[in-house]
Number of protein chains: 4
Amino acid sequence: MSRRVGLWLIGGCGGVGSTAAIGLSLLAKGLTPSVGMVSALPLFADVDLDAPETFVVGGHDIRTARFVEAVRSLHERSGIFTSDQLRAAHDDLVAWGENIRPGTIIRAGSTISGMADRDSVAIVATAFEAIDRIQTDLTEFRDRHSLDQVVVINTASTEPEFAETDDHQSVQNLTAQLDREGESVLPASSLYAMAALEMGIPYVNFTPSVGASLPALDELARMRNVPYAGKDGKTGETLIKTVLAPMFVLRNLKVRSWVGHNILGAGDGRVLADPENKATKIRTKDAVLGSLLGYKAQSHVSIEYIESMDDWKTAWDHIHFEGFLGTKMMMQFTWQGCDSILAAPLVLDLARLTLLAQRRKESGVLRHLACFFKSPMGVEEHDFFIQNQMLVEYLMQAGARQ
Amino acid sequence: MSRRVGLWLIGGCGGVGSTAAIGLSLLAKGLTPSVGMVSALPLFADVDLDAPETFVVGGHDIRTARFVEAVRSLHERSGIFTSDQLRAAHDDLVAWGENIRPGTIIRAGSTISGMADRDSVAIVATAFEAIDRIQTDLTEFRDRHSLDQVVVINTASTEPEFAETDDHQSVQNLTAQLDREGESVLPASSLYAMAALEMGIPYVNFTPSVGASLPALDELARMRNVPYAGKDGKTGETLIKTVLAPMFVLRNLKVRSWVGHNILGAGDGRVLADPENKATKIRTKDAVLGSLLGYKAQSHVSIEYIESMDDWKTAWDHIHFEGFLGTKMMMQFTWQGCDSILAAPLVLDLARLTLLAQRRKESGVLRHLACFFKSPMGVEEHDFFIQNQMLVEYLMQAGARQ
Amino acid sequence: MSRRVGLWLIGGCGGVGSTAAIGLSLLAKGLTPSVGMVSALPLFADVDLDAPETFVVGGHDIRTARFVEAVRSLHERSGIFTSDQLRAAHDDLVAWGENIRPGTIIRAGSTISGMADRDSVAIVATAFEAIDRIQTDLTEFRDRHSLDQVVVINTASTEPEFAETDDHQSVQNLTAQLDREGESVLPASSLYAMAALEMGIPYVNFTPSVGASLPALDELARMRNVPYAGKDGKTGETLIKTVLAPMFVLRNLKVRSWVGHNILGAGDGRVLADPENKATKIRTKDAVLGSLLGYKAQSHVSIEYIESMDDWKTAWDHIHFEGFLGTKMMMQFTWQGCDSILAAPLVLDLARLTLLAQRRKESGVLRHLACFFKSPMGVEEHDFFIQNQMLVEYLMQAGARQ
Amino acid sequence: MSRRVGLWLIGGCGGVGSTAAIGLSLLAKGLTPSVGMVSALPLFADVDLDAPETFVVGGHDIRTARFVEAVRSLHERSGIFTSDQLRAAHDDLVAWGENIRPGTIIRAGSTISGMADRDSVAIVATAFEAIDRIQTDLTEFRDRHSLDQVVVINTASTEPEFAETDDHQSVQNLTAQLDREGESVLPASSLYAMAALEMGIPYVNFTPSVGASLPALDELARMRNVPYAGKDGKTGETLIKTVLAPMFVLRNLKVRSWVGHNILGAGDGRVLADPENKATKIRTKDAVLGSLLGYKAQSHVSIEYIESMDDWKTAWDHIHFEGFLGTKMMMQFTWQGCDSILAAPLVLDLARLTLLAQRRKESGVLRHLACFFKSPMGVEEHDFFIQNQMLVEYLMQAGARQ
């Protein structure tokens with residue numbers, strides 16, 4: 001029987017998740033080119049990556065919306081997808097919508113919780129119970145579709161900031177707290193990570209939330225021999241920052257200040273309008289600059305929820321730099337991108353690359369995926385071209401071995 | 001006796017040349033940091049490059065203005081340099097101004113010719129005579145200042161386009177035409193190149209003019225065992241283009257159109273307002289994109305002379321690209337830079353690096369300097385980071401050998 | 001029987017014309033708000049303007065495309081209109097498409113001529129014959145639909161520049177030349193104007209072409225007691241220019257240079273890519289600034305055809321101005337608009353306002369419509385707010401009189 | 001003896017105050033044109049306004065810096081003024097520097113207080129004592145220079161927000177609280193206003209602080225027959241907003257969101273980095289939009305202190321609007337201005353116009369000065385062109401009466 005793999009999306013019916021779903025359907029039918037997918041570059045043609053038609057999609061969500069409703073809403077409000085695309089993907093989206101299960105909102109913050117529909121949230125008393133329910137959903141998905149491999153990717157909204165404690169330093173400490181009633185020892189993003197890793201399912205964190213970024217979960221991944229990656233997909237303003245900043249360094253031009261102002265709408269914007277959730281996001285966006293420059297330049301990043309933007313995001317960046325003889329000069333850029341459209345193909349890349357890594361018996365954090373993330377786990381390097389070179393070298397080797 | 005080297009600037013009293021001169025003086029006195037100079041990056045600290053205080057400056061110019069007047073005019077019109085900087089460099093600039101000799105305007109186009117002062121132009125009947133005069137000036141400069149090495153760098157304005165013929169295919173053919181009266185077989189930029197190379201003096205073409213880009217001159221350089229480099233300094237809009245375009249390729253985002261509109265004033269702008277001279281410049285700016293993308297995207301580059309800008313240049317670029325599922329998105333940037341301030345430190349870099357290459361017995365075109373040029377001679381690669389890596393590898397090796 | 005009026009569009013199946021048609025249909029059905037229509041402002045609620053449902057649409061075109069195909073193509077390439085809008089307007093567009101007649105391409109330039117489909121061009125030997133055919137079409141339209149009034153609006157592409165001669169100075173001179181074979185004494189835009197005015201039908205020139213801007217045609221309009229207006233709809237960059245420039249004047253800030261760079265695709269862009277047609281357009285865009293400022297500032301306007309933009313247009317303007325104590329400062333703006341969407345509601349405004357003027361027995365050029373045009377006929381004033389005040393005063397009076 | 005008038009600047013040695021001083025000196029000597037001054041427009045040539053040479057400058061400041069040091073620092077850090085200008089104005093600035101007296105910091109917020117030098121602050125126990133000291137300073141200024149008229153203009157940094165109470169509703173209530181020890185019933189800006197008005201000296205509030213905006217102070221002004229005006233000078237982003245927003249209204253284009261992001265450095269930026277002070281500023285910037293549009297569009301204004309900008313300010317505005325048939329379009333602008341250079345000439349305008357009003361026996365708030373302010377006192381109108389028309393009509397009448 002032919003190979004089948006599962007893509008399980010946390011927050012699956014959000015913009016990114018549902019765009020990944022419609023994209024996968026259209027790619028499988030040969031109705032859209034693979035523009036925007038890094039793993040589809042001709043350079044990587046020899047690498048044994050899963051073809052789009054191999055995938056089945058499922059996921060957790062805290063809203064009752066299904067894929068069909070989600071993509072129609074994106075089409076109407078944000079002007080993406082054509083009527084023909086919606087029609088062609090319709091049956092797949094309906095079928096995959098059947099694989100959506102109620103998500104958990106533990107420690108996701110009040111704004112995310114407020115978006116939840118009552119019937120679509122898993123009501124549980126302890127973290128242990130939440131993990132148990134997630135694993136039941138994953139097992140059932142795998143079994144029903146006879147999947148050879150499954151990958152879990154977190155595409156949910158950003159959670160509030162989370163303080164790591166002694167409880168998160170080892171599997172033993174963490175396990176001891178899972179049964180505790182009251183406030184969960186783990187936020188939702190980490191419950192999903194723990195559930196997946198424990199089952200030997202790779203986990204990718206496309207968001208700035210905690211996810212698998214805890215010593216206890218790293219220990220668990222290595223114990224179970226399973227790879228994971230993250231965090232926070234690098235799709236727009238930060239991508240450009242990690243492309244431009246190295247140029248200033250290599251030309252010995254001194255960046256004096258770098259201001260980035262982002263406006264966006266849609267669900268992601270609504271969640272980021274909550275200062276608690278925004279703080280997490282700004283932290284990962286802002287940390288990048290100092291690392292790239294090697295000195296401290298004044299950096300300011302702001303994100304504002306502007307309803308009329310819907311799924312589009314505009315970033316304005318103002319870079320004030322000093323050149324020869326103390327002369328101050330300026331570069332400004334605006335980036336006008338559609339968040340879901342930019343993120344979804346990278347989600348598919350990460351699914352394919354993580355499944356490949358698991359087949360190659362890799363475990364722990366996948367450092368060669370750094371170029372996909374704003375806060376690449378296990379890697380200090382933020383220079384996009386150096387990060388990309390890491391991916392190229394890995395895949396050249398992977399392609400050659402086959 | 002301590003080492004002394006000469007920097008001979010064609011068009012020396014223009015914005016770039018005179019900024020290089022004041023910069024060199026202030027660097028030698030320790031009054032300005034080396035911001036903007038690639039060769040001063042900490043990474044290259046072990047490479048044996050000539051210190052600023054080793055340099056003596058001279059050059060050719062077709063105007064009577066001297067360095068002191070040129071930098072004062074830049075200060076007043078364009079707001080660069082401080083009063084303190086002008087004062088501190090004054091004596092050096094006066095002394096170096098004594099080393100300026102009348103330039104040649106053969107085939108430089110009517111706009112450049114119109115800027116010439118009668119007394120500052122070398123009146124000659126043949127190309128041979130022009131070369132002879134240039135060599136006399138260079139010999140006298142070298143002898144008077146007891147220079148160990150000299151480098152000639154072309155920082156003059158852009159010449160009109162020039163058609164290569166059989167005459168330019170070999171030293172023999174070319175030499176046969178030098179005595180011809182009437183229209184010169186070589187434009188001014190190539191006369192300077194030929195004069196220098198024949199004397200064993202390295203030549204760098206910082207402009208889009210022909211310079212040493214003729215088979216006959218390459219043959220001459222190899223015969224005389226002398227290195228050369230060029231062409232067209234990459235300081236602003238094109239630099240950014242060669243930084244950003246690779247990102248679009250690596251993310252598999254399809255550039256549909258890339259429009260660049262440049263406005264600038266000052267002498268360079270005035271010359272580029274002449275359609276004949278502008279055509280040469282636009283050619284080197286525009287060729288870059290197709291090479292970087294690997295496919296044909298619509299590209300438009302325009303340059304307009306806007307008097308009020310003086311030595312400042314603003315480029316507006318509009319990049320229209322297609323992402324996943326056919327969605328069109330946009331990036332725009334503006335670059336507001338001072339041309340002389342951006343170019344001058346690179347001229348100093350090129351002087352130091354070319355003198356090093358000659359000491360290392362290299363000859364012919366210096367491919368490792370590609371990152372400095374819009375149309376790097378001898379190199380097809382336009383990706384700034386790959387070009388830069390070529391320089392780093394060369395200098396790491398050069399540093400290690402010492 | 002209820003009142004019915006006809007809107008006859010020259011170039012009817014272009015972007016502007018077909019958007020006006022779909023808009024009229026949707027407005028008549030109450031399916032879209034009147035956003036973008038000046039005549040629908042609450043301020044003018046008391047003025048007796050024709051309601052959308054009163055209109056029947058027809059026109060001339062040189063391509064075989066009909067309204068339905070034109071709007072579908074705009075939807076697919078430029079992302080405007082929703083599927084619901086296309087469906088709702090379908091029957092009206094089919095019906096009105098039956099009213100499209102072959103246009104004339106006399107002296108429209110080779111680029112426009114090259115876009116013509118053979119079967120859709122009226123082949124005629126003389127200007128007289130062309131006018132005769134146009135009048136036959138108009139008469140047949142009026143009779144078949146029992147129209148109380150008809151207005152002709154030119155929304156075709158820009159023609160090449162045209163030199164006025166003695167032939168155009170009076171009706172008598174002009175009439176004497178109409179029978180001449182060979183090159184027509186009038187370009188297409190003026191043939192339409194003459195045909196309409198002679199029939200007592202008002203004519204509005206929404207393009208920079210000549211249209212009714214000839215002394216002979218003004219004489220004709222006054223003889224026939226019919227109003228006309230033009231020229232060149234003010235929809236985007238020039239609109240903003242006429243809004244911002246007065247502010248610089250009133251704040252005594254001295255504009256030193258104003259650069260406008262426009263990129264656009266679609267049919268209009270393709271025609272403007274022809275230097276002959278572009279020259280006409282740039283002239284009307286560029287003349288505005290000197291008049292507004294009252295002194296000569298350097299002004300540069302360029303228009304480039306960028307295919308990927310489709311019906312969208314982006315203008316980048318860079319305004320360099322001098323403030324107190326000689327300090328230079330800058331303002332830049334980008335305008336990202338959809339040409340058809342901006343223009344179509346103004347075409348409807350002009351139709352309603354011109355029909356009103358005719359009912360009010362006005363004849364000759366309608367000066368109070370200046371705020372709609374880049375080159376307002378009969379008015380030197382370019383300040384948008386002063387122009388708008390002229391419209392407001394006229395309509396307040398018109399409203400009061402009823 | 002010839003007429004002499006006094007300009008008393010609160011925060012006199014800040015950027016705006018010291019630029020007004022050097023400007024006045026250079027204007028009086030005929031060394032700079034009156035570019036940037038509204039009152040110098042040819043239109044107002046017949047109005048009897050005080051010539052620059054009539055003015056003597058003095059003021060209060062909480063720092064020990066004098067005019068000479070302030071303008072030199074602006075020159076060095078922000079690149080404004082030429083060396084020649086500094087030299088020519090030197091003696092006037094030294095002389096006027098002698099007229100600077102210690103300011104008060106009551107309720108100015110901790111950031112402003114932290115900038116104060118110990119010796120330059122008036123230490124007082126009660127509001128009454130503070131007013132008394134201010135009046136002593138003003139009286140001494142008037143007497144020493146034999147001034148015919150004096151005007152006080154507040155150009156100090158923005159104070160924290162202030163809550164109006166019953167104490168501020170009448171002169172009687174207010175006076176009863178002046179003697180109270182502990183927290184002052186009035187912030188610094190209002191103490192200056194009260195001191196001036198009580199002496200019959202006109203007061204202009206160029207800042208968003210409270211100043212004279214209290215019922216009790218309005219009552220006082222009318223009792224003393226003295227005019228006042230304010231508040232918050234309209235120099236840059238808000239000026240453009242009040243120019244552009246009316247255009248959207250008149251074209252029936254529906255603004256969906258308007259985002260303004262401002263970055264600035266210098267003293268003003270440092271004070272606005274304090275959230276308490278920033279809140280006051282944002283309030284006046286943000287209120288404008290709703291009033292202009294007549295409906296609620298999402299509006300976001302942010303201000304960030306970016307040290308490298310020094311006295312320059314860049315605003316980026318993103319306007320998202322809906323046109324015909326629901327199509328969303330965008331306009332963006334950047335404004336790159338030097339705050340002091342934009343504000344200073346308006347301060348001189350306000351001085352001249354307020355002194356004129358007093359000579360014309362006007363009292364209370366000067367409504368015809370609305371075009372100068374972000375929050376024009378006594379006027380609801382924010383449309384710049386309507387505001388400007390109010391000024392023109394007033395001055396036409398004033399000119400005619402003479």
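Author: Let's begin with a pair of residues: Asn154(D) stands opposite Asn205(D) in E5(D). The model is a predicted one, so to speak of local features takes pLDDT of at least 70 and side-chain atom pairs count only at pLDDT 80 or more, while totals for chains, interfaces and linings use all residues. As for bookkeeping, residues are numbered from 1 along each chain as its sequence is written, chains are lettered from A and ligands numbered from 1 in the order in which they are written, and side-chain values use heavy atoms, with hydrogens and water left out.

Strand E4 of chain D covers residues 149–154 and pairs with strand E5 of chain D, residues 203–205, in the parallel sense over 3 bridges. A strand here is a DSSP run of E, at least two residues, numbered from the N terminus, and two strands pair if DSSP finds at least two bridges between them. Zoom out and you get an open sheet of 7 strands in chain D, in the order E3-E2-E1-E4-E5-E6-E11, with parallel pairing. Its edges are strand E3 (100–102) and strand E11 (364–365) of chain D, each pairing on one side only.

Now the greasy side of things. A nonpolar core is a set of buried Ala, Val, Leu, Ile, Met, Phe, Trp, Tyr and Cys residues joined through side-chain atoms within 4.5 Å; buried means under 20% relative accessible area, exposed over 50%, and partly exposed in between (1.4 Å probe, protein chains only). The largest such core has 253 residues, and Leu244(A), Phe248(A), Leu244(B) and Phe248(B) have the most contacts inside it. Leaving aside neighbours within four places in sequence, Phe248(B) is in contact (heavy atoms within 4.5 Å) with residues including Trp335(A), Trp258(B) and Met331(B). A second, separate core has 252 residues, among them Leu369(C), Leu391(C), Met194(D) and Leu353(D).

At 4% relative accessibility, Gln332(B) counts as buried. Not counting residues up to four places away in sequence, the residues that Gln332(B) touches include Gln332(A), Trp316(B), Thr334(C) and Gln332(D).

Next, the interfaces. Between chain A and chain B, 59 residues of chain A are in contact with 59 residues of chain B. Those two chains bury about 4,800 Å² between them, 69% of it on carbon and sulfur atoms; buried area is the accessible area (1.4 Å probe) that two parts lose on being put together, summed over both. Arg251(A), Phe324(A) and Leu325(A) supply 20% of what chain A buries against chain B, more than any other three residues. Salt bridges (a side-chain nitrogen of Lys or Arg within 4 Å of a carboxyl oxygen of Asp or Glu) number 0 across the interface of chain A and chain B.

Chain A and chain D make contact through 25 residues from each, burying about 2,000 Å², with 58% from carbon and sulfur atoms. There are 2 salt bridges between chain A and chain D, and Lys328(A) with Asp310(D) forms a salt bridge at 2.8 Å, N to O.

Finally, symmetry. A rotation of 180 degrees with 0.0 Å of shift along its axis superposes chain A on chain B, RMSD 0.0 Å, by least squares on the C-alpha atoms of residues with pLDDT of at least 70 in both. The two copies are thus related as by a two-fold rotation axis. Phe333(A) comes closest to that axis of the residues of chain A, at 2.0 Å (C-alpha).

Conventions:
Helices (H or I, at least four residues) and strands (E, at least two) are DSSP runs, numbered from the N terminus.
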